[in-house]
Amino acid sequence: MPLAHPQDDRKVTKQNPSGSSTEEIANEPDWARAGHEHYAGYKNRSGRRPGVVGRSDEEDEVDVQASWDELKETQQKERDGHLVNWQDAIRSEKDLSLYHPEGHPNGWRYVLDYTEDGIGNQQKWPANLRKWEKQRQQQEKKEQQQQDPKNQGKDKSDQKSSQQNGEADHNGEGEGQQDNRSEDEKLRDKYTPQQIALLRAVQHESEYMANLETNDGTGHSTVRNRTTIAIDEADQFTPDNWVPRAPDLFRLTGKHPLNAEAPLRELFEAGMITPNELFYVRNHGAVPRLLWEYHQLEVCYRGQSKRFSMDHIKSKFHSINIPVFVGCQGGRRKEMNMLKRTKGFGFGAGAIGCAYWKGPLLRDVLMASGVPAHMPDEDRKKYHVHLQGADNPGQALYETSIPFEYIMDSTNDVILAYEMNDVPLPPDHGYPIRIIIPGYIGGRQVKWLQKVWVSDKENDSYYHIWDNRFVPSFVTTNDDELAVAMFHHPDTALYEQCLNSAITVPHHGDTIPLENVAKGVMYRVKGFAFNGRGDAIKRVEVSLDDGKSWYYCIRRFPPAPVRHGKKYWTWCFWHVDIDIGDIVSAPSIRVRAWDVKMLTQPEQPTWNLLGSLNNAQYTVKPEMVNDDSPHVLFRHPVEPANKDGGWMKESAENLIAEAAMKTDAPNKQFTRAEIEKHDKEDDCWIVIDNKVYDATSVMSWHPGGKAPIMMHAGAVHYDTTEEFSSVHDDYAHQKLDECVLGVVTDKTKSFIERTRQDKAKSGTEIPADQALQKHRWVPAKLLERDWVSHDTAVYKFALPGDTEFLGLGTCQHIEFGFHLRDRMLIRQYTPTKPVLPRDCGIDAGNDAELHDGSGSFQLIVKTYFPDEDQPGGALSNILAAIPIGESVEMRGPTGEIVYHGAGKFNIVGQEKSFKKISLVLGGTGLTPGYSLIARISLDPKDTTELRVIDANKSEQDILLKEDLSRFEQESNGRLRITHVLSHPSDGWKGLKGHVTKETMREHLFPPAEDSLVLLCGPPSMIHKAALPALQEWGYDPDTNMFGL
């Protein structure tokens, strides 16, 4: 069978739209001038259409159908006596973490899986473990003090000198130390700075290295992992919507799948054992949703198969717990990409980590399955152990194979790990079980392990052949005959990690003011180094003169780093003290490490198509800045993700290639409104570089699946351009060209640019006692449910953790979420309590819950129950049925309209005042307006006048009718409410029918400079009745007409 690349002729089909009409283009709002997210009926950043509640028939079909599929699966449970609802259905089948939290990682979510302290925090952190951790931290601190050469001998003169000189502040992380000891003066007279550094290192290491302890496999992690977990909004519309992730990580490939690394500063300062939340993540697709209780590892040998449960693996085999360094083979690829584009995305130097991993040896489990320690014909045949993960990135299941003899050598410590840093594996790191192969690249250490087998042939799966390879530099594509041959050649496969090192201090962006530069002040340069196969780092050197001479560095290892007498599975940290004057005058600071074979790192990277194993000498460059405060600025080669502040710049070859990829688009223009219509799987448009593409046909063969595309379907923002450029190669650009439909209008182009600028702005810090976070989902626990009618209930929720304040402004909303298989189900509600923000100065009387600060909030929600034709409203049924004590996700506040009292609003950052406010509300759209009505009505000093139209079907559908009536009666004419019913009873004496132009002109304030109208209701009422009539009357969507 001939070799072939699986990248076949993937077909692209597209629509042939005529483009927006001349009238539509002319009438498109000027998005750049508008500058707000409250155009009624247009999608905002959250994908919501302000002023519109409920969904059109098409939108309802998409959301409800996904929910209906889940509901069908629970009908048998209903017949067995179980309550049917969204949360209980999934929990009864799969979410056993509520009953057995000890088997799940911190922050585990499946459906509604929250307690006040998070899943299993107390169970997972027993008192004796905390005690061990504290002891380890104290021991590490003690060792660090002992490793400082100035503390050796402990003589009083050294201590006195240290106390007098302390550390110089260089506005960076370098440690300044002025050394006036006569011994050092003598050394400087006799030796060069490089020789002094060597002498100090040798003196230190002669004792330190000799006393390194051997690890017996019974240790414990020295780090404290996260205790509070939130879900990033970037994951809400992906299959990973249930996975908690730290905000510290830089995302490198857009929102999905997650590929991320920690900032180098935080990674290094965390210490030699990396906390779970700072460990790099390399995912090829969605995180498999596996359960400890159900997951089994299948081991196959000679036609026989044996399955091991997780409890069996944990309890029946001897486990070891050792620190192991793991690094991605694509680490530092971004430096290589600056020279010439590779097929991989741009990991920086932070795609690494060293953690404690616990579990039995794979060797032991294989032997328990009948696999011999040595094959009888191993002298004639080469055997391989195959590993298969449960993740299916799109091409195939993730598989690889490892040489049999390496696995079966017990001194190689190949572990079936079920814990990371003494807690269950986080989902991103392979929960519930993964393979850890010390000394190997991360790509061979399969996560979510589900199957192991032995054969005499190397694995031939997609990811074993086409990933984790090092092909010659002359191979520049992966789809010609030469490339196919090289990728299938066994000698191009990568297994062992390679020798590498990096500088962490000075950090990128650190500065040294020139006024701090003085003779005798020492600057401590720091960093890390690592190697593969258990080989030790023999020495680390730093050069300040482009490699002409080198400073010998002092090494430091984690406690008990040695295994089996000679193997080092961890990294090492290093440092060297150098005169600060030499630092600021150096053309560069570069580092290189040496291994046991006395091999060292090359000066320049060896470019290869996959960008693998860049272990060139890491170089930091000082840069003189002559401003009001002259200083030296340090730049690393590159910054993480899409940042471009490193000293390396795009090569001319890259710039030429980028220009060649520019797409010639048809001469058709599309408005924002037109693009937003195409937001479904069977009708999906995306916008990249201000061009419009029909991506519908790509769904079926996209390597990353549908999720990464659907997150941008019908979305008009800069994120799509940014994420596409970060991960796609020339082939992807070629296929993209085939999808092009036209370009966006000039007004839409301006809007996209504004979304880019808005994203670049830093977020505002929130108070520690506030629950709501704009970009993170947090749990809210249901405390009470009070049915006020046959289909409407008041829900009371507790705020999470120690937070007391909700943090919601008047007219703002909260998004609530529930985890489904492919995405998070999201609906928006506005609380009916509290309605008075903190520090507003309004006396709420005896009802303290009207004021924010009670630690709770209330919603009033109408439940759209299922019938024989449809499954009903998804989230409203979930809220109606979940047991008291369960939680839902929430985030916010959303909405850029905030009322501050006395007629004063903040609308998209601009202060505006109005004396007369009109509200057009319909159905459940009442609640956003209710918060404004209540705020004004409860403030006796607020003279703002209100006119309200509230449209519903029947009397029973009018929400909060008693409260509204009371507010109106007590308002002294400031508030007037007009109810309009489309299907009233015979006894109804109010208005009948629908909201019309005549109704609004009779019962609302006319347009004026001091008059504002706000809308929130069903799509048909807003688009067909309210908006056209109000604009015809004279209201302007840019100045005094907005959707809530």
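**Cavities and aromatic contacts**

In this predicted model, 17 residues line the second largest cavity, and those lying nearest its centre are Cys 328, Gly 331, Arg 332, Asn 500 and Phe 530. Two elements give two or more residues to this lining, namely β17 (500-505) and β19 (521-530). The largest share, three residues, comes from β17.

In the model as a whole, the count comes to 11 cavities of 30 Å³ or more. Rolling a probe the size of a water molecule over the atoms shows where such empty space is left.

Phe 530 forms one aromatic cluster together with Phe 268, Phe 325, Phe 528, Trp 571 and Phe 573.

The count of aromatic pairs comes to 30. Among them is the pair of Phe 279 and Tyr 280, whose ring centres are 5.8 Å apart and whose planes stand at 20 degrees. Planes under 30 degrees apart count as stacked, and the pair of Phe 279 and Tyr 280 is therefore stacked. Are these two residues buried or exposed? With buried meaning under 20% relative accessible area, Phe 279 counts as buried because its relative accessibility is 2%. Tyr 280, at 7% relative accessibility, counts as buried as well.

A further pair is made by Phe 797 and Phe 857, with ring centres 5.3 Å apart and planes at 15 degrees, so this pair is stacked too. Which parts of the chain does the pair tie together? Phe 797 belongs to strand β35 (residues 792-798) and Phe 857 to strand β38 (residues 856-862), so the contact ties together parts that are 60 residues apart in sequence. Both Phe 797 and Phe 857 are buried.

Aromatic rings also take part in contacts with arginine side chains. Arg 333 lies over the face of Phe 345, at 5.7 Å from the ring centre. In another such contact, Arg 966 is placed over the face of Phe 967, at 5.1 Å from the ring centre.

Methods: Residues are numbered from 1 along each chain as its sequence is written. This is a predicted model: local features need pLDDT of at least 70, side-chain atom pairs count only at pLDDT 80 or more; totals for chains, interfaces and linings use all residues. Side-chain values use heavy atoms; hydrogens and water are left out. On a 1 Å grid over the protein atoms alone, a cavity is a set of points where a 1.4 Å probe fits but cannot get out, and a pocket is an open set with protein on both sides within 12 Å along at least five of seven lines; lining residues have an atom within 4 Å of a point. Grid points are joined across faces, edges and corners, and a volume is the space filled by probe spheres set on the points. Helices (H or I, at least four residues) and strands (E, at least two) are DSSP runs, numbered from the N terminus. Rings of Phe, Tyr and Trp (its six-membered ring) pair if their centres lie within 6.5 Å; planes under 30 degrees apart count as stacked, over 60 as edge-to-face and the rest as tilted. Buried means under 20% relative accessible area, exposed over 50%, partly exposed in between (1.4 Å probe, protein chains only). A charge sits over a ring if NZ of Lys or CZ of Arg is within 6 Å of the ring centre and within 35 degrees of the ring normal.
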